[in-house]
Amino acid sequence: MSITNITLDIDFVRSQFPAFEDPMSSKWSFFENAGGSYVPKNVIDHLNFFMTSTKVQPYAEYDTSKLAGNNMDKATKLFAEMINAEENEIIIGASTTMNMYVLSNALKFLLNPGDEIIVTNQDHEANIGAWRKLKNYGAVIKEWKLNPLNGELEIEKLKQLISTKTKILAVTHCSNIVGTFNEMKKIVKLAHQHGTYVVADGVSYAPHGFPDVKDLDVDFYAFSLYKTFGPHLALLYGKKEILNVLPNQNHEFLENQVPYTLNPGGSNHEELACLIGISEYFDNLYIHHFNKENISKLEKIKKINNLITEHEEKIANKLLDFFETKKEINLIGQKKISNKNRAPTISFTIEGMTSKKVSELLVKGGIATRNDNFYAWRCLKALGIDTDDGVIRLSMVHYNNLDDVNRLIRIFENNIFNNL
């Protein structure tokens, strides 16, 4: 059966997430997924099992300890397969902010005074702050500025900035405010022509389809696992040949034991082990929608990514089409989703009403969302938006449905535009 004959079974999807049956969370239409997603039952079950049966120091010879270690290793291996990486190229850390901080402290030893680092003002602070701090070690920080008229990063501007002195380019795969999927393969190709390492922030991209890091050819790629249907952890991928030359950031006795050298203190044991549940959830999606073909996990992920993209495009475009009818709405980013050009992360302001007030009215109507700068204050500042009041952000993932969007539109019509 071809992909064009299959659509995402949204009822099946939602049946996998206990939050939709829970008395407390099920009353909400959840539009704050860019801040953290719900988790499927598989993840919860693995977390409960670890805490109940294997909450011991892992990697000893007795059975509960051995199983704990095996499940931690299995989770890492499965995620490596899902993004097309090697197991020893994956670091699971506390957060993307922490992973970037550790990585920057390792990469600074490869810099000489006067070497350049390019950051953008479209990024979340997690992929800006750590690199900006390297100016204290002699790095020259350059900023790839977004176009203030549309919020976009333009490759022509990057071409004017980058040079053979540029050692690191830190850039988002998808802005958590603008929502555009930046052309990462083109960016990486340009950077590598100048001998530049690319550090890609996929925090706002990965929830809408796990990346193939080898296809992108990025040197480093990071995203938050608590936004991809898991616990509060984050993943950092790095090319093995680069990790091998970075100085150890961990205990002295772990010297040369890549990738542990970039994971001081190690991963949270129980949360690492329960990542198996994310892989199982995507396996469940695949089995439900497709024949049980003997294909790789990566190929299964790509098939599911396509289903997710089609579904998210459908529900997000209904909201974007509604926004087009309202001249009071100042939408940030592209007005339509097509050909995987943007995420269903939709940020906006409304003329004549503060973002705080809009957020309050939406919450009152049963819409789980908020106003904020969402740690992308440089982006908002560049767009001329008050960083304190911020924007309203409505972020969807594949378990959102048309009922959520219809409810949201009713609240806009009845509770917000009647108050303008």
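How many aromatic pairs does the structure hold? I counted 26 aromatic pairs, where rings of Phe, Tyr and Trp (its six-membered ring) pair if their centres lie within 6.5 Å.

**Basis.** I worked from a predicted model, in which local features need pLDDT of at least 70, side-chain atom pairs count only at pLDDT 80 or more, and totals for chains, interfaces and linings use all residues. Residues are numbered from 1 along each chain as its sequence is written, and side-chain values use heavy atoms, with hydrogens and water left out.

**Aromatic pairs.** I looked up phenylalanine 79 and phenylalanine 210, whose rings lie 5.7 Å centre to centre with 90° between the planes, an edge-to-face pair (planes over 60 degrees apart count as edge-to-face, under 30 as stacked and the rest as tilted). This pair links distant parts of the chain, 131 residues apart: phenylalanine 79 is in helix α3 (residues 63-83) and phenylalanine 210 is in the loop between β6 (197-201) and α8 (213-216). I note that helices (H or I, at least four residues) and strands (E, at least two) are DSSP runs, numbered from the N terminus. Phenylalanine 79 is buried at 0% relative accessible area, and phenylalanine 210 is buried at 6% (buried means under 20% relative accessible area, exposed over 50%, partly exposed in between, with a 1.4 Å probe and protein chains only).

I then examined tyrosine 286 and phenylalanine 290, which are stacked because their ring centres are 5.1 Å apart and their planes stand at 25°. Tyrosine 286 is buried, with 1% relative accessibility, and phenylalanine 290 is likewise buried, at 7%.

I recorded one aromatic cluster whose members include Phe17, Phe20, Phe30, Phe79, Phe210 and Tyr399.

**Charges over rings.** Which arginine lies over the face of phenylalanine 20? I found arginine 14 there, at 4.0 Å from the ring centre; a charge sits over a ring if NZ of Lys or CZ of Arg is within 6 Å of the ring centre and within 35 degrees of the ring normal. Over the ring of phenylalanine 374 I found the charged end of arginine 393, 3.8 Å from the centre.

**Backbone entries.** Phenylalanine 374 also has a positive phi of about 55°, although it is not a glycine. I placed phenylalanine 374 in the loop between β12 (370-372) and α14 (377-382), and its relative accessible area of 6% makes it buried. Asparagine 339 has a positive phi too, near 55°, and is found in the loop between β9 (329-331) and β10 (345-350). Is asparagine 339 buried or exposed? I list asparagine 339 as exposed, because its relative accessibility is 75%.

I noted a cis peptide bond between valine 258 and proline 259, with omega about 10°. Proline 259 belongs to the loop between α9 (240-243) and α10 (269-273).

**Helix crossing.** I checked α3 against helix α12 (residues 297-324): the axes come within 7 Å and cross at roughly 60°. The contact is made by Leu78, Glu81, Met82 and Ile83 of α3 and Lys297, Leu298 and Ile301 of α12, contact meaning heavy atoms within 4.5 Å.

**Isoleucine 162.** I located isoleucine 162 in the loop between α6 (155-161) and β5 (166-172), buried at 6% relative accessibility. Not counting residues up to four places away in sequence, isoleucine 162 touches Ile118, Leu190, Ala191, His194 and Thr196. Its C-alpha atom is separated by 47 Å from that of glutamate 413, 251 residues apart along the chain.

Technical notes
Axes fitted to C-alpha atoms, helices over the stretch in contact; angles between N-to-C directions.
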